[in-house]
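Visitor: Please take me through this structure, and begin with the terms.

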Amino acid sequence: MGKRSSRGPDGAIVPRKRQKVVHEAPTSEEIHASRQLQQLLSFSQDPVRARHGLQSFKLFLDELLSLDGKDGDRFRILRGFLDAAKPAEDDENPVYLPEVMQTWSYGGQTNNDNIMSAVPVVLALLLKLLSQSLDTVQYGLGICRTLLQKRQQELIARNLAADKGKAFIISPTLRMLRESVSFDGGAIARPLFRARASMLKSLARNMGIVHVGDEAEDAKRPSTRTNAVLFFLSALRFLHPEAKKELLSQRDIVAALTRDVKQDPPYVVRELLAGLRSHVLLDDKLPREAKASLLTTSTLTRLSALYQYRLDTPAEDEPSIADIAHEFLMTACTNPSCGVLRQDSGFYPREIDPNAAIPSAQLDDLGLEAIVWMNKFKNEVPVRNYALSNFVLNLRPWSSIKQAELLTSIFRVAPEIVAPYFLNNKSFTFEPKLSATWIGYAAFLFNTVTLPIPDYFCRSTGFPELPPPTSIVIDNILPPPLNQKALSRCLANKSNMISFFATRILVVAIEKLDAAIKMHQDPSHSSKTVWAEAARRLVDEFCQRSPGIKDMINAYRSIPEGDVLQREAASRLLRLCYEVLPQVALMAKFDVSPFLETSLGRLSKQEVDDCRDTALSLKELENLLAIAGYSPGMRWFAASEALSLSPFTLLLKVCVDTPDGVTLETIRQVLNFVAVEQQLVPADETHPGLLALLEALQALRQSAPNSVALVWPFLDNCLTRCANAPVKYVEKMQDLVNEAGLSGGSVSPIAMAMLEQLPFVAAKEGEGARTTLRALGRFLPKFLGLSAVAGESKPLLDLLFSKMVTHLADSKGKLAKAGVPEGLRFQHNPWPPVSEARAGETKHPAASQENGKSEVILDAETLENTLHTPDGLEADNSALTKWSTKTADELVDEGYLTSLMALLVSEHTSIRKEALVNILKAAAKIKQSEYDEKEQVWLLLSELAETARDHINEGPLPSPLASFGCHALNVLRDPLSSLYPKVNTFLTRGPLWNLDRLPLVDEILSKEPIVGDTFYAQTNWLLGYLIDGLRTPRDLDLFHKKRAKGPIFERILALAVNPYLRLPLRTHVLRLLYRATCIEGGSTTLTTRFGILNWLEARQASSTDSSEAALYGALRWRIWETCDQGRLKTWSRGGLEI
Amino acid sequence: MAPPQKSDQEIAAEFTSYYLQRATKEFAEDLDKVRAADDFKNDALQILVSALQQGTTLFSPEEQRRIVMAADRPTPKP
């Protein structure tokens, strides 16, 4: 094919480019009379004349409009012209301004763009002018109706569909339509919409003809898009709901409306948002579907781009476009009547039936596995709020506070999209970095975690039959970016702020977990076992995502001394761990004593400048005290080297030194609790306990501030002695009773200790001793007087004081004369109390009070929740293969070895044999490694294997031995453990373990703890291993077998009676008993061999704590329920029955 | 005469201001680093302040009151 010729057929040169259209400016003249106007606008086939007339009219109208129509003469000229051009009244199809319409039509026929443009220009101006006065409305309506006639409609459609480049035709037409649709309050909006085929012609395309150029769009020369958008908004304003619905269903128009919104001039964006808000969002008559068709994902996303709108320069008192867009999106996305938000089912995804009927037998057998959808939503979650779910992915909550607010507000009203949001938004990680983005993301995650759990998980009025998928619940508690690795690295980060942010998130997460667990335990569930299993799984999942408690402890440890805000948060986190995840927390063997001592030391020095810091430190102290209450082995009465006083006395001092109202009630409760436990004061409900002493000290501080400081060493000495040998002082009190010749009455043992120690102070020489004595002379009468108010025997106190006085510096006999003061009142402490809960009291959610009786009753479910411990030796056959690729550290620290050891109790010989071989291989691997404790671990594994080897074919290894192996491994990992010497001594004793003996029981229960005061910590470990080791009837035999020092059960029961054993350890003993009741014949053996029913009854009767008493009662009931009742009745000859 | 009881809003405002003051003191070094970070622009300062004060929600109104009111009490000297 030849090259195309650039010449025309006649050989003339044809320019290649399109010829430039040159608009010649029309001429015009000034108008002075109606008639002149009439002539100017009369139809003419001469386009120059026609344009001359139209241009003259345009200028005339422009001037009138600029004067708001106030130019009377000109207006009269216009009225005259309109009257003359008015059609006859009886005309069926009246045509207003017929000559102008004819000119327009002629322009159309001759393709004269200038006329096609000039007519709508003057009509738009004329309509605008006519709408300003009531007198002229009829002319305007007439013109509007004329426009609706077929001929004009065609012209309008043609104008609207003009070439994209012909904005000078399209824009005036759109302006004219805008004036028409809004004329006289939208009088012709309805018929105009009926003619939408013409009137809305190419509207979507015209919305896309944007302003081009480097400068911003001039408000006086609006772009085609601006005119199109304004026309659309006017139509929305004046159309009736049905028509609006139809208009909004035009997808192309709706899509074009917001496509270029980011480049629109500010006034258009403001009008657009205001118009859509008033006439779509908040229009009650508009159906939801119509609103939804506007507010699609893409509309919302484009509007959200306005958060970064840059063309805006708002006045000071004016909201910015970003603010208006934010308000708009907040309403659109969170108000259900706006059509976007749909009612969801909370944590239950779309398409599942949470009330599906599953046979109870199937649920009992398979548990959660019986629910087919339970594990289905780990990677994808179907939602009802599809548009919202897609929209939120476009938001940037980490870099904009408003976007974060929008997103969390959406999460709040549509909780179903939280989990899919994080599943679909995997790119963003929480890896710590000290940057604004990380902080923004952390703040957003904090807000997400703080969101409440939907009512009943499903936003309904009651719990469904089946629990929600665990993966969704956990994603709402700890969203996937908050994984173990990231959180651990945050906690360990050298920047304190990063660690602080992570700590706070974990605090709210654990609080939320607690709420979720409680909802799982609600008594109204019909299938309780499934919900209970779901709760356990939830806790497991949480533990997998949360950092270990050791990381939290280390983070706490690394906080500088004076940073009370961080210390408070970190201690709160630890406390929550103890309260909500006790299994995990107790494993860490966290010794709270040093922290408590530091905190007390700091508080007692009162060095801070700001009292608010003290109050915050007291919160930290409260948290530490709570942890001390949960963890065994707190040494209250042993002063460390760094402190001159014992922690107990320091706590008392803090309590006395801080002003009333700032002191925490908790501190008082803890002091009192410890004082009662240690028998410093009578354990009588009617006695205020330690409050008498506290009150006396506070009164002394008020009356003689200098004396208090002198009293502390003496008091500390007395308190420590009394706590170490309470019986001695009880006996001394008895002697005093006898001496006074009384038949009864009592005083606090601590008062007896004071009497005993006073002579030693008196015996000292020097000014210091004398001032101390004088201080005691002020303090002791107060204390004894308040003790009398507290209900102690006055004669005894008098006698006591008379003995004390001889040692006090009372040369003039004033003290002796005054005696023990009477009529003192408690001014700083509540006495008599309204009702005070004792610290350390466990709260049971299901505990109920019946008919006002004080007895708390526990149901079987709560008992199980409190005392059931999962099987620590549960077989996991995959352990046989998993270990081989791991390093020595991982084998020991991550539980691979314990899983292997646990397989020795398998029912299957082949598994046991394989486990044996693998244990030996693992032992060899460890011995060759660089692991610090490799020798001991190798020895442990080898001894266990040798012990198991000879009997491998006969049956499972006794569970206590396997359990001992697992627990001993944890001791070997930590050379600082108090049991480290004992375990090592045991291992070096011989290569084989006796199958009939339970290792280390004697060593722990009957011998000195070797390392410090760790008897209770060691007992805690022992009970842990015994509980895991009691699984089968054969294990049970080992527990009740006769031994030199008595059967194991007997010794454990004796241990539980020890008055110094704290609640957590007592509960551990009950767990062991509960475990026994789960074994066939366990309850019967406990009853016939150990009289357990009577033992529990006695414990229940002597317990001062109603919740604990209820636990004894419930366990007693459980034993009766699970024993061979017929046999027991015969055995007891009918004497035993509950 | 006893001073008039502060309203919950006043307490919350005072507590927030104390909390922020405490946080800026404890994290002075870290805050300087964040301010020097590349992405510290636009909303960043606002985000930082709001992120810091989020922690106030961890304190119940009673706890906030106790801490705020501590400032109004005379400090006893031992």
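Guide: Buried means under 20% relative accessible area, exposed means over 50%, and partly exposed lies in between, using a 1.4 Å probe and protein chains only. This is a predicted model, in which local features need pLDDT of at least 70, side-chain atom pairs count only at pLDDT 80 or more, and totals for chains, interfaces and linings use all residues. Residues are numbered from 1 along each chain as its sequence is written, chains are lettered from A and ligands numbered from 1 in the order in which they are written, and side-chain values use heavy atoms, with hydrogens and water left out.

Visitor: What percentage of the residues in chain B is buried?

Guide: Chain B has 78 residues. Its elements run α-α-α-α from the N terminus on, helices being DSSP runs of H or I with at least four residues and strands runs of E with at least two, numbered from the N terminus. The buried share of chain B is 40%.

Visitor: Which residues of chain B does the UniProt domain annotation cover?

Guide: The unreviewed UniProt entry gives "domain: Ribosome-assembly protein 3 C-terminal" for a span of chain B. That span is 65% helix and 0% strand, with its end C-alpha atoms 11 Å apart. The annotation covers residues 15-60.

Visitor: What is the radius of gyration of chain A?

Guide: The radius is taken over C-alpha atoms, and the globule rule is 2.2 Å times the number of residues to the power 0.38. For 1138 residues, a compact globule would have a value near 32 Å. The C-alpha trace of chain A spans about 135 × 85 × 60 Å along its principal axes. The radius of gyration of chain A is 44 Å.

Key: UniProt positions renumbered as here; feature names shortened; annotations may be inferred.
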